[in-house]
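User: Hi! I'm new to reading protein structures, and I'd like to know how the labels are decided. Could you take me through a few of them?

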Amino acid sequence: MSYDLNAYLRSESFPTLAVIREQLQRAGGRVLIADEIDFTKDTGHVAVILDGAPTGFEVYSSEIDEDRRA
(Lines give C-alpha, C1' and ligand atoms only; values in the text may rest on other atoms or scores of the structure.)
Protein backbone atom coordinates (compact mmCIF):
# COMPACT_ATOMS: atom_id res chain seq x y z
CA MET A 1 0.00 0.00 0.00
CA SER A 2 1.25 3.48 -0.71
CA TYR A 3 0.07 7.00 -0.05
CA ASP A 4 0.49 10.21 -2.01
CA LEU A 5 1.21 13.26 0.12
CA ASN A 6 1.77 16.70 -1.35
CA ALA A 7 3.59 19.47 0.45
CA TYR A 8 4.06 22.97 -0.90
CA LEU A 9 7.03 24.81 0.59
CA ARG A 10 9.10 27.84 -0.28
CA SER A 11 12.52 26.58 -1.35
CA GLU A 12 14.32 29.38 0.49
CA SER A 13 12.76 28.31 3.80
CA PHE A 14 13.14 24.56 3.33
CA PRO A 15 15.45 23.08 6.00
CA THR A 16 18.85 21.68 5.06
CA LEU A 17 19.44 17.94 5.12
CA ALA A 18 21.48 18.40 8.32
CA VAL A 19 18.52 20.07 10.04
CA ILE A 20 16.13 17.38 8.82
CA ARG A 21 18.45 14.67 10.17
CA GLU A 22 18.72 16.47 13.51
CA GLN A 23 14.93 16.70 13.80
CA LEU A 24 14.54 13.01 12.91
CA GLN A 25 17.04 12.16 15.65
CA ARG A 26 15.13 14.29 18.17
CA ALA A 27 11.91 12.53 17.15
CA GLY A 28 13.29 9.18 18.22
CA GLY A 29 15.87 8.30 15.58
CA ARG A 30 13.68 5.70 13.87
CA VAL A 31 14.25 7.18 10.40
CA LEU A 32 17.70 7.64 8.87
CA ILE A 33 18.10 9.30 5.48
CA ALA A 34 20.68 7.23 3.63
CA ASP A 35 21.25 9.38 0.55
CA GLU A 36 22.60 12.89 0.15
CA ILE A 37 19.69 14.73 -1.43
CA ASP A 38 18.66 18.31 -2.04
CA PHE A 39 14.90 18.21 -1.54
CA THR A 40 14.52 21.56 -3.32
CA LYS A 41 16.10 20.33 -6.57
CA ASP A 42 16.37 16.55 -6.76
CA THR A 43 13.63 14.18 -7.84
CA GLY A 44 13.21 10.45 -7.61
CA HIS A 45 13.68 7.77 -4.98
CA VAL A 46 15.10 8.67 -1.56
CA ALA A 47 16.47 5.73 0.38
CA VAL A 48 15.80 5.73 4.12
CA ILE A 49 16.17 3.26 6.94
CA LEU A 50 13.11 2.82 9.18
CA ASP A 51 13.64 0.84 12.38
CA GLY A 52 16.73 -0.76 10.84
CA ALA A 53 15.04 -1.85 7.59
CA PRO A 54 15.56 -0.26 4.18
CA THR A 55 12.62 1.61 2.66
CA GLY A 56 12.15 4.93 0.92
CA PHE A 57 9.92 7.40 -0.80
CA GLU A 58 9.68 9.41 -4.01
CA VAL A 59 10.36 13.14 -4.18
CA TYR A 60 9.38 15.41 -7.05
CA SER A 61 10.45 19.01 -6.77
CA SER A 62 9.36 21.77 -9.09
CA GLU A 63 8.28 25.37 -9.05
CA ILE A 64 4.60 26.19 -8.75
CA ASP A 65 3.51 27.80 -11.99
CA GLU A 66 0.14 29.10 -13.15
CA ASP A 67 -0.88 25.70 -14.54
CA ARG A 68 -0.30 24.01 -11.17
CA ARG A 69 -2.16 26.79 -9.37
CA ALA A 70 -5.17 26.23 -11.61
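User: Why does Met1 count as exposed?

Analyst: Met1 has 92% relative accessibility. Exposed means over 50% relative accessible area, buried under 20%, and partly exposed in between, with a 1.4 Å probe and protein chains only. Met1 is therefore exposed. A word on the background: this is a predicted model, where local features need pLDDT of at least 70 and side-chain atom pairs pLDDT 80 or more, while totals for chains, interfaces and linings use all residues. Residues are numbered from 1 along each chain as its sequence is written, and side-chain values use heavy atoms, without hydrogens and water.

User: What makes Asn6 count as exposed?

Analyst: The cut-off applies here too: Asn6 has 66% relative accessibility, so Asn6 counts as exposed. Helices are DSSP runs of H or I with at least four residues, strands are runs of E with at least two, and both are numbered from the N terminus.

User: Which elements does the protein have, and in what order?

Analyst: The protein has two helices and three strands, and from the N terminus on they run α-β-β-β-α. Of its 70 residues, 13% count as buried.

User: What is the volume of the largest pocket, and which residues are closest to its centre?

Analyst: The largest pocket holds about 1400 Å³ of space. Its lining has 31 residues, and Leu5, Ala7, Val59, Tyr60 and Ser61 are the closest to the centre. The volume is the space filled by probe spheres set on the points, which are joined across faces, edges and corners.

User: Which element gives the largest share of that lining?

Analyst: Strand 3 does, with five residues.

User: How far apart are Asn6 and Val59 in sequence and in space?

Analyst: They are 53 residues apart in sequence and 9.7 Å apart in space, C-alpha to C-alpha.

Conventions. 1 Å grid on protein atoms, 1.4 Å probe; cavity = no way out; pocket = protein on both sides within 12 Å on 5 of 7 lines; lining within 4 Å.
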